[in-house]
Amino acid sequence: MPTALVTGATAGIGHAFASQLAARGHDLVLVARDDVRLAEVAAELSTAHGVSVETLAADLVQPDQLALVEARLADASQPVDLLVNNAGFGLKKRFLDNPVDAEHAMLDVLVTAVLRLSHAALGPMAARGSGGIINVSSVAAFLPRGTYGAAKAWVNSFSEWAAHEYRAQGVTVMALCPGFTKTEFHTRMDVTPGTGFMWLDVDFLVEAALKDFDKGRVYSIPGAHYKAIAGLTRLIPSRALQAYQSIGRK
Ligand SMILES: NC(=O)c1ccc[n+]([C@@H]2O[C@H](COP(=O)([O-])OP(=O)(O)OC[C@H]3O[C@@H](n4cnc5c(N)ncnc54)[C@H](OP(=O)(O)O)[C@@H]3O)[C@@H](O)[C@H]2O)c1
């Protein structure tokens with residue numbers, strides 16, 4: 001059976017990836033900080049889908065804990081076929097109102113962990129001539145959304161480059177750019193989640209993402225309205241887009 005390693009697998013988008021990949025017959029390696037919750041999700045998914053589920057408790061901000069996940073990905077004796085770089089969080093306040101350490105921790109999870117885990121995974125995948133990486137980015141990557149948007153823009157740029165660089169070696173890389181999605185993300189940020197058509201269902205999002213990945217797409221932007229927004233951002237001057245940067249942060 002193929003094996004998928006999913007970061008941030010205990011909630012929201014990562015949990016939906018773990019669940020849908022298990023339903024497709026993937027064994028799993030689940031990564032998050034809360035080990036009690038990791039054990040609960042592992043039991044839930046192995047019972048529901050009859051797959052083998054390993055857990056790896058790690059705070060991706062901490063280099064020594066991130067190194068444990070890198071080592072698991074690099075272990076050729078237990079190959080990982082699909083890496084889902086999903087763990088992430090946002091900060092409610094504006095740049096200068098956040099301690100710089102909080103900004104740095106966000107950058108570590110959104111960028112440094114994606115870079116280091118991709119590096120660890122790509123070596124064995126390229127050597128085997130097969131594998132895949134899904135990097136969970138955001139529609140915010142196309143918009144002026146402070147340091148969060150800047151980090152996600154890095155994820156898009158990196159994924160687009162890696163998709164072309166490693167395609168010939170049999171590795172598929174895709175950036176998933178969700179719009180607002182119903183998960184724990186906003187409550188963890190102390191922002192009240194919204195309702196209505198702009199808020200995507202997490203299972204719909206991941207189903208659409210996996211279909212795009214199966215087709216070898218470089219980007220997945222689920223939802224017709226978010227595809228339209230991403231397209232429009234290429235036409236509207238950045239100065240005009242700045243006016244919309246606080247949407248979803250109240
Ligand atoms: N929801 C949205 O509207 C939305 C929109 C666009 C993009 N995204 C992106 O989607 C991804 C997943 O977000 P989500 O909405 O599913 O959030 P979520 O429901 O809050 O889940 C976040 C997951 O990441 C884990 N995590 C957080 N910090 C971590 C750390 N330092 N080390 C290891 N694991 C960590 C959490 O588990 P522990 O707390 O146990 O570590 C949890 O499993 C993120 O990259 C986010 O930027 C979300």
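Visitor: What makes D190 count as buried or exposed?
Guide: Buried means under 20% relative accessible area, exposed means over 50%, and partly exposed is what lies in between, with a 1.4 Å probe and protein chains only. D190 has a relative accessible area of 58%, and because exposed means over 50%, D190 is called exposed. As to provenance, this is a predicted model, in which local features need pLDDT of at least 70 and side-chain atom pairs count only at pLDDT 80 or more, while totals for chains, interfaces and linings use all residues. Residues are numbered from 1 along each chain as its sequence is written, and side-chain values use heavy atoms, with hydrogens and water left out.

Visitor: Where does D190 lie, and what is its phi?
Guide: D190 belongs to the loop between α6 and α7 (202-214), where helices (H or I, at least four residues) and strands (E, at least two) are DSSP runs numbered from the N terminus. Its phi is positive, at about 65 degrees, although D190 is not a glycine. Most residues other than glycine have a negative phi.

Visitor: Why is E103 called buried?
Guide: E103, which lies in helix α4 (residues 100-128), has 8% relative accessibility and therefore counts as buried. If residues up to four places away in sequence are left aside, E103 touches L91, F95, N98 and T147, a contact being heavy atoms within 4.5 Å.

Visitor: What makes L45 buried, and at what relative accessibility?
Guide: L45 stands at 1% relative accessibility, so L45 counts as buried. The residue is found in helix α2 (residues 35-49), and, not counting residues up to four places away in sequence, L45 touches A18, S19, L28, G50, V51 and V53. The C-alpha atoms of L45 and A22 are separated by 7.0 Å, although these residues are 23 residues apart along the chain.

Visitor: How do you know on which side of α8 its buried residues lie?
Guide: In helix α8 (residues 224-233), the residues Y226, A230 and T233 are buried. They cover an arc of only 65 degrees around the axis, and this puts them on the same side of α8; the arc is that of the directions from the helix axis to the C-beta atoms. An α-helix has 3.6 residues a turn, so residues three or four places apart point the same way. The buried residues of α8 pack against α9 (238-241).

Visitor: Which residues come nearest to the ligand?
Guide: Of the 31 residues around the ligand, T10, R33, N86, Y148 and T183 come nearest, where a residue is near a molecule if one of its heavy atoms lies within 4 Å of it. The shell around the ligand divides into 14 nonpolar, eleven polar and six charged residues. Within this shell α6 gives the most, with three residues.

Visitor: What is the relative accessibility of N86, and why is N86 called buried?
Guide: N86 is at 10% relative accessibility and therefore counts as buried. Its place is in the loop between β4 (82-85) and α4.

Methods:
Nonpolar A, V, L, I, M, F, W, Y, C, P; charged D, E, K, R; others polar.
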